[in-house]
Amino acid sequence: MRLERLQWFGLVAAPLTWAAQHVVGFGATQAECGVGGMEWGISNDVWQLTMLVVGGLVVVGSEVAAAVVFLRTRNVGHDDPPPDGRVHFLATAALVANVLFLSAMLLDGIASTLTSLCRGG
Amino acid sequence: MTAVGLLERQWTERPGLLGWLTTTDHKRIGLLYFWTTLVLFGAGGTEALLMRTQLAQPNSHVVGPEAYDQLFSLHGITMIFFFIIPMTTGAFGNYLIPLMIGARDMAFPRMNALSFWIFLGSGIFLYASLALGSAPDAGWFDYVPLASRQFSPGRNIDFYCLALIFNGVSSTLAASNFIVTILKLRAPGMSLNRTPLFCFAFLAASFGLLFALPALTADAVFLYLDRRVGTHFFDVAHGGSALLWQHLFWIFGHPEVYILIVPAFGIATSIIPAFTQHRVVAFPLVAIAELLVVFIGFGVWAHHMFATGLPTVTLIFFAAASALVVIPSTIQVFAWCLTILSGTARFRTPLLFIVGFILFFVVGGLTGIMFVAIPFDQQMTDTYFVIAHFHYIIFGAAVFPIFGGMYYWFPKLTGRMYFELPGQISFWIIFAGTNLLFFPMHVVGLDGMPRRVYTYPGGLGWGTYNLIETVGGYITLAGILLLFGNLVVSYVRGERVGRDPWHGPTLEWTIPSPPPEYNFAVIPHVTSAYPNWEPLAGDLVLDEGHQQPITTAADGELAEIAQMPHESPWPVLLGLGLALVFALLVVEKFLVAGIALGLCALVLAAWHR
Amino acid sequence: MSAKPVAWWGMMMLVAAEATLFGTLIGTYFYLRFSTPHWPPGGIAKPGAVVPIVLALVLVASVFPLRLGTRAGIALALLMQAGYFAYAVHDFADRLHSFTPQTNAYGSIYYVLLGADHAHVAVGLLFDVWLLANWRTIGLRVITVYWIAVAVLTLAVTGTILSARA
């Protein structure tokens with residue numbers, strides 16, 4: 001059922017994308033500012049902005065998926081039997097969660113490019 | 001014989017002490033956790049009151065510095081690992097989750113028992129250190145290099161490392177059990193959209209435990225190896241990193257604090273609909289918020305390290321995530337408040353504790369947001385302002401719902417009603433006491449009073465505030481004693497009640513009080529997220545052996561009927577074996593410990609014949 | 001996709017916890033590396049590539065006999081895995097002549113990471129022996145999941161150790 005796949009994508013894609021951007025982003029700053037980091041010739045800003053754009057696109061796609069499922073099931077009640085009841089429930093949840101993860105990615109990506117590079121706080 | 005008679009005969013365990021030692025009944029295990037954690041809560045509370053008594057006046061000599069170090073370390077370790085977690089997950093979770101999902105037991109009943117015995121063993125292990133005068137004394141977060149062998153040569157920190165590794169096994173097993181139970185043992189018809197919010201909260205906390213504990217385990221193993229085997233994980237002179245301890249600790253530690261409060265959110269979110277007779281506003285958002293708080297909470301750990309000199313470009317990730325982790329909690333607070341306002345609120349004792357919880361949580365949450373600003377955090381690190389923040393959160397957001405939950409489910413566990421007036425009075429005394437105890441800490445913290453000092457000089461203006469805090473501590477004690485006194489007297493003399501004194505929303509209110517050993521004579525078929533508010537149907541009696549339906553994870557469709565294991569000596573024996581292993585490790589008898597571990601493997605093999 | 005039995009889910013919980021543990025150990029490896037100018041430090045030779053890669057492939061290959069679903073399959077897998085283990089332990093012990101966990105932080109993380117991997121293989125061997133003595137299909141299914149996880153983790157550990165050659 002295509003609705004099913006869209007619902008799961010809409011739910012799990014954004015958290016996983018943010019998690020990857022967050023961990024890789026943190027790791028990239030450790031490598032950049034650490035004594036033993038390897039020189040790949042890509043500046044930290046390029047790393048962070050690339051991850052932001054790619055990740056951001058995935059999350060936007062995920063939100064579109066969640067919205068499509070939500071709208072297709074908008075006449076379903078919260079207590080309704082599965083699968084529709086469950087699909088609508090998870091799409092509703094995903095709709096809000098995806099906005100949160102997009103905000104998180106924007107904050108992570110923009111903040112790390114605007115901050116000065118390895119100076120301590 | 002009737003079906004009920006058959007069920008009773010099959011599910012009733014052997015009598016007496018042997019019955020308790022071999023039990024696999026989730027309700028008995030829940031009670032075992034309950035009593036044990038209450039004793040440990042008493043220990044943690046005593047540690048707190050000793051500290052408060054010492055700090056009531058400047059230049060005091062009630063306890064000396066070395067003893068004080070052990071007090072604050074044990075207090076933190078005990079309250080977090082040996083009170084809140086086992087009380088919420090071990091006691092409330094174990095007892096209630098199967099009841100709320102319409103199941104007859106947890107997915108892995110014997111492993112459930114093992115979790116308890118390991119927990120008990122780890123608690124005895126930790127407090128053995130106190131009896132030997134070697135309790136951990138480097139704080140609950142035990143930073144290196146203070147905790148390294150060079151600066152802590154005694155056994156104190158070895159007890160710390162091993163107690164936490166040992167305790168971690170219990171929580172990991174418990175978390176696994178909850179996840180599988182909540183996903184696979186729900187009654188037919190209970191799809192995810194019809195699953196109680198309490199279950200979402202426990203699912204979130206369990207995922208948190210599963211993914212956070214390995215970091216603590218690795219950290220504690222590294223420290224133990226550095227101390228006793230001569231490795232160099234944290235030894236800067238040989239290429240190690242002292243900050244590595246902090247990173248790993250907080251990768252565990254921050255999710256841990258969400259794990260502390262999320263089950264309590266689940267308790268709150270059960271009490272509110274019962275005492276407002278109204279469905280929870282924005283149910284899907286509250287459900288996902290439980291999971292989001294823990295998930296995003298994995299990404300904020302270095303906000304505990306803002307003052308360590310890490311590059312700003314690194315720290316900024318954590319400030320960003322910390323700002324956003326507030327949002328799921330806020331969604332829940334708004335949903336709860338709107339539910340209370342929308343329904344017909346009866347402010348009985350359980351709801352009073354939840355209102356108190358919301359007030360404390362909002363204050364603690366606001367001070368938490370303040371820490372997101374890195375410069376502010378750097379000023380306030382290691383001051384009493386931090387202590388104020390997290391006690392408002394922990395006492396407010398974890399302990400208040402626990403107390404409320406004790407009152408709420410008291411009739412279900414005992415078949416009697418508690419006395420309402422002493423209940424309400426106990427709430428007000430505790431509420432007043434905890435505010436007196438923790439609010440002035442904001443002020444002295446802003447004024448510069450550091451954490452973990454055993455005394456302070458006069459003339460700094462801190463004395464009066466500290467005295468008020470100590471008085472608040474004793475008032476809180478009085479309130480807590482009244483609370484437990486009320487429950488004890490109610491147990492003996494409370495008015496008898498039937499299955500559903502509150503017209504509660506969830507399935508535990510559809511069965512007798514106290515519940516029979518088999519929980520449900522007829523497995524319910526669920527058609528709503530508030531099954532006790534709808535007509536209930538069901539036709540699965542399943543009275544041959546120890547039968548339990550297994551359903552699909554997302555939709556609650558019946559997949560198979562399983563035979564559950566029951567009554568076994570192996571969990572308690574394995575618990576004893578593991579306790580022996582850890583006791584041998586703390587005295588560095590590695591070979592004998594290895595042999596003991598081998599014996600444990602044999603017990604495990606016998607268990608799985 | 002049919003519903004998986006509860007025991008399968010239980011094994012997935014164990015796999016999740018252990019995978020996280022290895023993630024922590026691998027993260028520690030790279031964290032220590034990023035704070036050290038020369039890696040491996042202290043004059044330690046870079047690790048050889050051939051033996052670790054061959055060993056890892058043997059372990060991956062040993063998963064296939066398990067999928068046959070017969071006692072003979074388990075026995076063959078056990079043989080391959082035991083062979084892997086014997087050689088790996090020999091190599092481990094041999095390398096202690098060059099550097100030890102007590103030499104420096106590289107030594108510490110090298111031996112703990114590899115040691116953890118070998119310990120998980122050892123536990124797997126015990127599972128195999130138990131299964132041969134207590135044959136049941138659900139046991140086979142669940143132990144196969146375990147070995148797939150251990151094979152993947154071993155690939156990750158091997159990759160991490162060999163990254164020192166870069």
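Tutor: Start with confidence. pLDDT is the predictor's confidence in each residue, on a scale from 0 to 100. Chain A has a mean pLDDT of 90, with 96% of its residues at 70 or more. This is a predicted model, in which local features need pLDDT of at least 70, side-chain atom pairs count only at pLDDT 80 or more, and totals for chains, interfaces and linings use all residues. Residues are numbered from 1 along each chain as its sequence is written, chains are lettered from A and ligands numbered from 1 in the order in which they are written, and side-chain values use heavy atoms, with hydrogens and water left out.

Student: What average pLDDT does chain C have?

Tutor: Chain C averages 94, and 99% of the residues score at least 70. For the complex, the predictor gives an ipTM of 0.97 and a pTM of 0.97.

Student: How many helices and strands are there in chain A?

Tutor: First the rule. Helices (H or I, at least four residues) and strands (E, at least two) are DSSP runs, numbered from the N terminus. Chain A has three helices and zero strands. Its pattern along the sequence is α-α-α.

Student: Where in chain A is confidence lowest, and where is it highest?

Tutor: Confidence is lowest in helix H1 (residues 2-33) of chain A, at a mean of 92, and highest in helix H3 (residues 84-114) of chain A, at 94.

Student: What do chains B and C contain?

Tutor: Chain B has 17 helices and four strands. Its radius of gyration is 24 Å, close to the 25 Å that the globule rule gives for 609 residues, so chain B is as compact as a globular protein of that length. The C-alpha trace of chain B spans about 75 × 60 × 50 Å along its principal axes. Chain C has six helices and zero strands. Its C-alpha atoms fill a box of roughly 50 × 30 × 25 Å along the principal axes.

Student: How many residues of chain B are in contact with chain A?

Tutor: Contact means heavy atoms within 4.5 Å. By that rule, 38 residues of chain B are in contact with 44 residues of chain A. Next comes buried area: the accessible area (1.4 Å probe) that two parts lose on being put together, summed over both. Chain B and chain A bury about 3,300 Å², with 74% of it on carbon and sulfur atoms. Asn193(B), Val313(B) and Phe317(B) supply 22% of the area that chain B buries against chain A, more than any other three residues.

Student: How many salt bridges are there between chain B and chain A?

Tutor: A salt bridge is a side-chain nitrogen of Lys or Arg within 4 Å of a carboxyl oxygen of Asp or Glu. The count here is two. One of them joins Asp79(A) and Arg279(B), with the closest N and O atoms 3.1 Å apart. Helix H9 (283-297) and helix H10 (312-342) of chain B each supply at least two residues of the side that touches chain A. The largest share, 12 residues, comes from H10(B).

Student: How much area is buried between chain A and chain C?

Tutor: About 560 Å², of which carbon and sulfur atoms give 69%. Eight residues of chain A are in contact with six residues of chain C.

Note on methods:
Rg over C-alpha atoms; globule rule 2.2 N^0.38 Å.
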